[in-house]
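Morning, everyone. Please have a look at the model first.

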Amino acid sequence: MSQLDSISQELPATGMEKFLEDNARKLVWLFIIAVVAIIAFGVIKHQNTLKANEAAEAFTGAKTVEDCDLVISRYPGSNAAANALLLKADLLWDQNKKSSAVEALREFTTKDASNPLAVFALLGLGSKLDAMGETKEAKAIFERITNEFASSEAAPLAQVRLGDLLWAQGKADEAKKAYEELAVKFPDMPGFQTISQNRLGWIAASLPTKEVDAPPAPKVEPKPAAAVPSMPNIKLNATNNGIGATIAPVVVPAPAPAATTPAAAPTTPASPPPAAPAPAAAVPAPAAPPATPAPAAPAPAAPTAPKP
């Protein structure tokens, strides 16, 4: 029994050794290929990381439409290029280039449909089309979002936009239905439940669908305060749209001088009010002309000595 066991143990060992001897060279080449593949994968991944960081830095520094175009052309297919396209749409819209902004959003939703921001770009596209009067296409986009992206955070916003669009068109019944569906489709979002109730209340109250500016309030001119001698006059609505005080010095009349010559009126500086100014010194009256001196009396003659 022991001899059979030893033979059975020797057979597998001998077969393994023979396999290694016959395929040693192949195994070495397989090992080398695996090591090279791992190194190549690490190098490629490192280069992609560096390129992604470079693209992210370029997007961070983008401030103009031209900067965005540069990022899009240099780093195609990257997240930075997709974000640059969204930023380009916003910049174009701010520059009142509405058609170009809409085209940029169309490009994003077509080229980067798998991007996590694609549904929000689609929502922005519908909102911009609605603002431009393209209500038919905007309505189709809002309905697409609520149907195809029901689990997205953009879906309840699209439902609100849809109701607002219908209400602005005078379709109060359809708008009411859209707001009621908002509460049914998204019951776990209390914020949108509040929006739904508010909109339904506005429809019931027959409020206008567009905002109307209130008439301007009558302008009330403030009464000027009584001037106080030697105190500055403060005007609060003089400059900077009513912010900041402008101090205008007030000329204080000097007391009447004694002579006919007028004295200069002192002005008060813009610094804290000084003490009351001293009255101006009186100008001396002109001196009277000198009197003509009287002729001097003749001096008495000296007494003569008596004769002996």
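Contact here means heavy atoms within 4.5 Å. This is a predicted model: local features need pLDDT of at least 70, side-chain atom pairs count only at pLDDT 80 or more, and totals for chains, interfaces and linings use all residues. Residues are numbered from 1 along each chain as its sequence is written, and side-chain values use heavy atoms, with hydrogens and water left out.

Now the pair. On the H5 side, Val119, Leu122, Leu123, Leu125, Gly126, Ser127, Leu129 and Asp130 make contact. They meet Thr135, Glu137, Ala138, Ile141, Phe142, Arg144 and Ile145 in H6. By class, that contact has nine nonpolar, three polar and three charged residues.

Next, geometry. Helix H5 spans residues 118-131, and helix H6 spans residues 135-148. Their axes come within 8 Å and cross at roughly 155°. That makes H5 roughly antiparallel to H6 (angles over 145 degrees).

Now the core. A nonpolar core is a set of buried Ala, Val, Leu, Ile, Met, Phe, Trp, Tyr and Cys residues joined through side-chain atoms within 4.5 Å. Buried means under 20% relative accessible area, with a 1.4 Å probe and protein chains only. The largest one has 41 residues. Which residues have the most contacts inside it? Phe108, Leu125, Phe142 and Ile145. The largest share, eight residues, comes from H3.

Take Leu125. Leaving out residues up to four places away in sequence, Leu125 touches Val102, Leu105, Arg106 and Ile141.

Finally, there is a second, separate core of five residues. Val160, Leu182, Phe186 and Phe192 are among them.

Key: Axes fitted to C-alpha atoms, helices over the stretch in contact; angles between N-to-C directions. Helix = DSSP H or I, 4+ residues; strand = E, 2+ residues; numbered from the N terminus. Parallel < 35°, antiparallel > 145°, perpendicular 65-115°, else oblique. Nonpolar A, V, L, I, M, F, W, Y, C, P; charged D, E, K, R; others polar. Buried < 20%, exposed > 50% of the residue type's maximum accessible area, 1.4 Å probe, protein only.
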